[in-house]
Amino acid sequence: MEESLRIRRLEEVPSAIDFTARIESRNIPAVIKGCVKDWEAVSRWNPSNGGLEYLQERAGLCVVEAMLSSFAPVFYGDLRSHERVPLPFSAFIRLCKQRMHHAEDGSGAYSESERTGLLGPESEHDCKPYEDAPQQIYLAQVPIISTENEERVQLETLREDIQMPAFLEDKSLISVNLWMNNAQARSSTHYDPHHNLLCIVSGCKQVVLWPPSATPVLYPMPIYGEASNHSSVPLDNLDFSNYPRAESSMEYSQKVILHAGDALFIPEGWFHQVDSDDLTIAVNFWWQSNIMSCISEHMDAYYLRILLRRMTVREMNQVLPKASSVEMANTKRHACKLLNNGQVDQNDKDLDQASERKDLEGKELKQETTLHELEPVAVHALHELVSLVHSHVNASEQRQPEQSTSTTDSALSVKDKGNKVVRVHAFRLEDDPVANIIWTLPPCTLQRVLLAMVKSFPRTLEALILHMLTPVGAEVLTRKFEEMDDLITKEDRNRFYQVFYESFNDQFAAMDAILNGKELFALQAYKNVLDKNVGVDWGGPKPVV
């Protein structure tokens, strides 16, 4: 977990200025100890201190919308996993009292007489959805205040028992809600589209949080679904074969335990999963963030494109991590061993030092490079590339006898009769031997290898680019070209590309092959971004990433 994403823990309630500057603006969660300990609700609603009687007397006549789930104690946000049922608040309070009674005397389930008479004869019809399993009821997000829809407010009578924290007084409040469970309850992993301050009035909650950057490991529901802010990873009977990325989800998580009087700031977009003890009561405040309120609607499409592009580039970079100097050195030593019948060249150290200098800077580019001028690592790479092309062509020759091809370079071009050689559209670097070879070469070494192929193996080079360059290979090659461009003069750069592309029978076909492959690589990265972060399933087999 990055240090900058660590949950802040405050022993004192911050001022409005401090909260906005140090907490909210950084979009980092914060536990505020004792934030609401002075609320009237903390003393009046406490079930252990006559709180249930107080609530029944104060709001018993109200009808609330309760969450009914057969998956209890887990309550999933997907509408297909639960139903919302109207319930007299007094009926729920009586369920809580019954729960307390059984907890105190250690008895088991509700008796038949208790279930039948729990709500009184006048409410017998109302209790049918939950009379056999009271623990399947959860009061989730019951509005006490709603600035967007006052008609939805169900428990306004409890408003005077809670006080808005001073650091929220200048916020654009959306709603204040009651959360109350009579038995242990688990909420499914989800994020809120608004900033959230969760305040514990009674009981205890354990909250596990993930930053928005962990979205891929949580498999979000499709963005077009009604539960788009929920994770699709189940909390029970989890099969990692169906959710392989979720196996590392806890590496990105942080856990906090909240007691009565504590508050937790959950920034918008942070995934959280909440476990509540028996008879836990909480109130939360939702308000709109400054970021969202400052974005004009006419800019939505622009920001969407910018963010998708940024995430696509990040996905591409994750596939192609920078090779370390150690990996480079190991590649050179491996080449020397091969060239010396397994014996390490005594000039290994000199070779490493020589390869580190920028020997392309300030030097005139040689338009042709002969084999005897190549350093060992370049000879090894050239040998590997030529062998891969020959093996590929020979395999194609066996599959398609009409495409006659010899092992000599002069005859390596495949006769195109409408049956192009099928290329594997590899996306992972480790799946592509050609891309792997190119990726491990320093740009100056790769340039010499390519010039040697232009001089001695032009048709092999043509087959490599036109028939063996996968999307990841095309991306690797262009990145190496960019690194190369930074090391040489404009004149040398122009001469290199002229020599390189003129070696092809159709230089525009070579350019198209590289560009098309590069765009296919970006397209797959874009699809991965949508799959991991938006829950869009493109269908068909996906690369394992």
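Six bridges tie strand β10 to strand β13 (residues 271–276), and the two run antiparallel. Strands here, like helices, are DSSP runs numbered from the N terminus (E, at least two residues, for strands; H or I, at least four, for helices), and two strands pair if DSSP finds at least two bridges between them. Strand β10 itself spans residues 204–210 and is mostly covered, with six of its seven residues buried. Buried means under 20% relative accessible area, exposed means over 50%, and partly exposed is what lies in between (1.4 Å probe, protein chains only).

A word on the source: this is a predicted model, in which local features need pLDDT of at least 70 and side-chain atom pairs count only at pLDDT 80 or more, while totals for chains, interfaces and linings use all residues. Residues are numbered from 1 along each chain as its sequence is written, and side-chain values use heavy atoms, with hydrogens and water left out.

As for the chain as a whole, the secondary structure comes to 17 helices and 14 strands. Of its 545 residues, 49% count as buried. The accessible surface comes to about 27,400 Å², and carbon and sulfur atoms account for 50% of that (Shrake-Rupley method, 1.4 Å probe; for residues, only the protein chains shown count as cover). Take the contacts (heavy atoms within 4.5 Å) between residues at least 6 apart in sequence: 78% of them join residues at least 24 apart.

Confidence is given by pLDDT, the predictor's score for each residue from 0 to 100. The chain averages 83, and 79% of the residues score at least 70. Over residues 112–127 the pLDDT is below 50, and this stretch has 16 contacts in the model beyond near neighbours in sequence. Residues 403–424 also stay under 50, with 43 contacts beyond four places in sequence.

Next comes the open sheet. Nine strands make it up, in the order β1-β2-β12-β9-β14-β7-β6-β3-β5, and the pairing is mixed. Strands β1 (8–10) and β5 (83–88) stand at the edges with a single partner strand each, so one side of each is left without a neighbour in the sheet. From one strand to the next, the twist averages 25°; axes are lines fitted to C-alpha atoms, for helices over the stretch in contact, and angles run from 0 to 180 degrees between N-to-C directions. Within the sheet's order, strand β7 (residues 172–181) and strand β14 (residues 280–288) pair in the antiparallel sense over nine bridges.

Some loop residues are worth a look. L279 sits in the loop between β13 and β14 and has a positive phi of about 50° although it is not a glycine. Its relative accessible area is 12%, so L279 counts as buried. Y219, in the loop between α6 and β11, likewise has a positive phi of about 50° without being a glycine. Y219 is buried too, at 13% relative accessibility. The loop between α6 (215–218) and β11 also holds S249. S249 is buried because its relative accessible area is 9%, and S249 touches W210, V217 and L218, leaving aside residues up to four places away in sequence.

Finally, the nonpolar cores. A core of this kind is a set of buried Ala, Val, Leu, Ile, Met, Phe, Trp, Tyr and Cys residues joined through side-chain atoms within 4.5 Å. The largest has 52 residues, among which L461, I465, L477, F481 and F500 touch the most other members. Helices that each supply at least two residues include α8 (300–319), α11 (376–399), α14 (458–467) and α17 (507–533). The largest share, eight residues, comes from α11. A second, separate core of 51 residues includes L55, V85, C96 and V142. Helix α14 is mostly covered, with eight of its ten residues buried, including L461, L464, I465 and H467.
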